[in-house]
Structures are given as C-alpha cells and as structure tokens.
Amino acid sequence: MLTCKSCSQRYDLSQNIIRCGCGGILENDIQSGDISEGPSIWERFRDFFDLDIETDFSLGEGNTPLVKSNNIADRYDIDLYFKNETVNPTWSFKDRGTFTGLNRAINLGYSKLGTVSTGNMGVSVAAYGSRAKLDTNVLVSSTISENKIKQIAAYGPRIIKVKGDYGQLYFESLDLGKEKDIYFLNSDDPFRVEGYKTIGFEIFEEMIPDHILMPTSSGGLFRGIVKGFRELIESDLLSEMPNLISIQSEGCSPIYRAYKEGKENIDHWDDPDSVAHSIENPYPPSGDGVLRLVKKYDGTILTVDNDEILAAQKELAEDGIFAQPASCVGIAALEQLTEKGIIDEKEKVISIITGAGIKDVSSVKVNDNTKSCKMEDLKDNL
Ligand SMILES: *Cc1c(COP(=O)(O)O)cnc(C)c1O
Ligand SMILES: [Zn+2]
C-alpha cells in the first residue's frame, strides 16, 4: 500500500494515484525479505518490491561498481569509495527509478508516459519509454540547451518546450496526466524512489559504510537510498543506519536553508545559480521528506559552492572518474566534513557519483599542457 507522509492517508496499490489528495508525498510500505542470487538486481532484490516487474524492458540498470579511491582518500586520510552510477544505461542513476516507475505505469495499464525534466530524467524516461513502445512525452523548460535536448531527442519522444515557472510544471503535469491518461513519472514518484532503493542494497552487498554522501535536489535519491537501508534493518540484515549526509549546491539549497533555520517545511528558492544544473530544483517536492529523515536519523545537510564543485570534478578525475558537476558535491564537501569532525580519519565513506561528466563537457577547461605541433616536431614536444 501507499501512505501519505503528510496526512497518513492509506491507498491501495490498485488505485491510480501519484500524490496524495492533500498534496503530500506518497511512500510504498517498508518491505522486508532476503537478498536472493542472480545476475540482475531485479532477481536478487525481488523480495523487496510490491510490483510486477517485466524484465524484458530492462536495459541492465544497476550493478554498478563500488570503486575504491586512491588519491582523494589519501588526501583526507579516509577509506573512500565511489558508487559509480555513471555506468548506467543512460549514464545516471535515474535509470533504476525509471525502470520501476515504467513497470508501475504498465501495471496500471497506461500506454502513455511522461516526465518533467531538463536533464538526466528526460533522457532516461525517453530511453525506457521507447524500449517499451509507450507514447512518451518529455516536458522541458524553454531555456534548455541544444546539447541537452539532443540527448533526449535521440530516443524519439515528443518533446515540449514549456514557457513559465518550471517548478509549477511538476504539479501541472500531474493534473494534466490524469486528464490525458499519461503517467507522469516525475522526480519523486513513489515507484521511482523504489528503484533507487537498489543503490542501498548493492552497497550493503559489498560493505557497510560509516557515512554515505548523497547529492540532493528533489530528494528522490536520498529517500530511496534511506528506504533501502531501512528495509535491510527491518529484515534484520543490517543493524544500524549509516550516517546520512545530504549535500546541496550553495546556489540552490532550499532544503539546507530550512534545516539551518530549524524549519519543518522548505520554501521556494528564487534565482537558482549553480554549475550543478542537475541538482538545481528550486522547490524540491520531497524536500520536507528529506528534512524529516535527516532529523529522524540524526544526519547532516550541508552546501558547497561552485568553485568547490569544479575543484572536486578535477579531483575525481585524478581518481579516473569523469562525473558531472552535480555528482561531485559529495567530494567537494569532504574538506568541511573532515574539518568539522563529522568524518573521522580512516572511516569508511561512500560518495554516490550520480551521473556522467560526458553529458556536459562545457565546464571542463582544456589545460595548459595542450599544444599543437607539426608531425616532424613531435619529438621535441613530448
Ligand atoms: C537527479 C540527479 C541528482 C539528484 O537526485 P534527486 O532525486 O533529484 O535528489 C543528482 N545528481 C544527478 C546527476 C542527477 O541527475
Ligand atoms: Zn495526504
């Protein structure tokens, strides 16, 4: 069943609903079970899904490597790992949740799919919608870059550039979806969050960290990973929650602001201005949910600025990973976290590297070592 996190109203899974009538976010019941054997994550974690899963539509999402850091780990004297989500089918963790959300839409009998996104989610929904032969609609903001729109267009969905308040478009799409029979699989859909749980399960299969660093925008990723760990605890597989650390970009940090001011509800962030475009949601629909979870588990929320983010992008490259700016905020926060004593020497830390750098190369500077020469002069230039 689904439960509203604001008014506690319960909904049967046969009911076609994405958000509670009161406006609150919905969450699937906490599941419990055991981890099974098998190559695909949908086989291994099948006990934890109250959903009929059609694996023919899978693109092999998940099963991403946990990569040990050498260089950054040495710098901070910690035991650091990257959960490398850049190797998913459309190069971000969004694919895990798009796959479970797609299955929900199909279970409910939908033949039309939609999403509101300027970036990774639009690409992901376009790919899975195409594979499942659904009529797919991606609503983007009118200011979307040429580079981003092409990544979505490659899969052939209907793309609509919408002028107007982009935050409002989320709510508008849910209303129009009802009217037009389109399942709008947006950022914090309860079944999208179910897919993100698998990151928590995969981490648990390999190790139990002391701290987990999560870039946070709408809050779906944070909610999903935490739900995964809660279900492991509920199943007596894990004894306690790792320390939860949510990181926002300073130029758009409505959840951090509410946390710092001791509020229970977030307010709209005017004028977002960040290099980390994938985490620039000015009015995160799961913002209040993240605040509740951070409080409940005594976690932390903090921010990093643009310079710190771009420096972290370079640092990650020193460890061999090219990630997009939004994915680098966890690494950018390490200095603050170790200085404040939130992370101690030698502790086990996992940073979720959410999406690939190759999606947007505009923030990369071609370094001073780059030069040109004639072939006959090559010998003198090496
Ligand atoms: C979507 C996204 C995030 C943030 O996830 P939320 O569920 O919106 O909090 C972080 N990094 C990247 C690369 C993303 O695409
Ligand atoms: Zn409600």
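Predicted model: local features only at pLDDT ≥ 70, side-chain atom pairs only at ≥ 80, totals over all residues.
Strand β7 covers residues 135–141 and runs parallel to β8, with five bridges joining the two. Within this part of the sheet, Val138 stands opposite Ile159, a residue of β8. In general, the strands of a sheet pair through hydrogen bonds of the backbone, and the pairing may be parallel or antiparallel.

## An antiparallel sheet

Another open sheet has three strands in the order β2-β1-β3, and here the pairing is antiparallel. Because β2 (10–11) and β3 (26–28) stand at the edges with a single partner strand each, one side of each is left without a neighbour in the sheet.

Strand β1 consists of residues 2–4 and pairs with β3 in the antiparallel sense, over three bridges. One residue pair can be named here: Thr3 has Glu27 of β3 as its bridge partner.

## The residues around ligand 1

Which residues come nearest to ligand 1? There are 16 residues around the ligand, and those that come nearest are Lys94, Asn120, Ser218, Leu221 and Thr354. Sorted by class, the shell around ligand 1 contains 11 polar residues, four nonpolar residues and one charged residue.

The space that ligand 1 takes up is the largest pocket.

## Polar contacts and cover

Two glycines approach ligand 1 through their backbone. A polar backbone atom of Gly219 is 2.9 Å from an oxygen atom of the ligand. For Gly220, a polar backbone atom and an oxygen atom of ligand 1 are 3.1 Å apart.

Thr354 makes its contact through the side chain: a polar atom there lies 2.7 Å from a nitrogen atom of ligand 1. On its own, ligand 1 has 380 Å² of accessible area, and the protein covers 96% of this. Thr354 is also among the residues that come nearest to the ligand.

Note on methods. Residues numbered from 1 in each chain as written. Chains lettered and ligands numbered in written order. Heavy atoms only, no water. Near = heavy atom within 4 Å. Polar contact = N/O pair within 3.5 Å; in protein donor to acceptor, adjacent residues only side chain to side chain. Areas by Shrake-Rupley, 256 points an atom, 1.4 Å probe, with all protein chains shown as cover. 1 Å grid on protein atoms, 1.4 Å probe; cavity = no way out; pocket = protein on both sides within 12 Å on 5 of 7 lines; lining within 4 Å. Sits in = over half its atoms within 2 Å of the grid points. Nonpolar A, V, L, I, M, F, W, Y, C, P; charged D, E, K, R; others polar. Pairing = 2+ DSSP bridges. Helix = DSSP H or I, 4+ residues; strand = E, 2+ residues; numbered from the N terminus.
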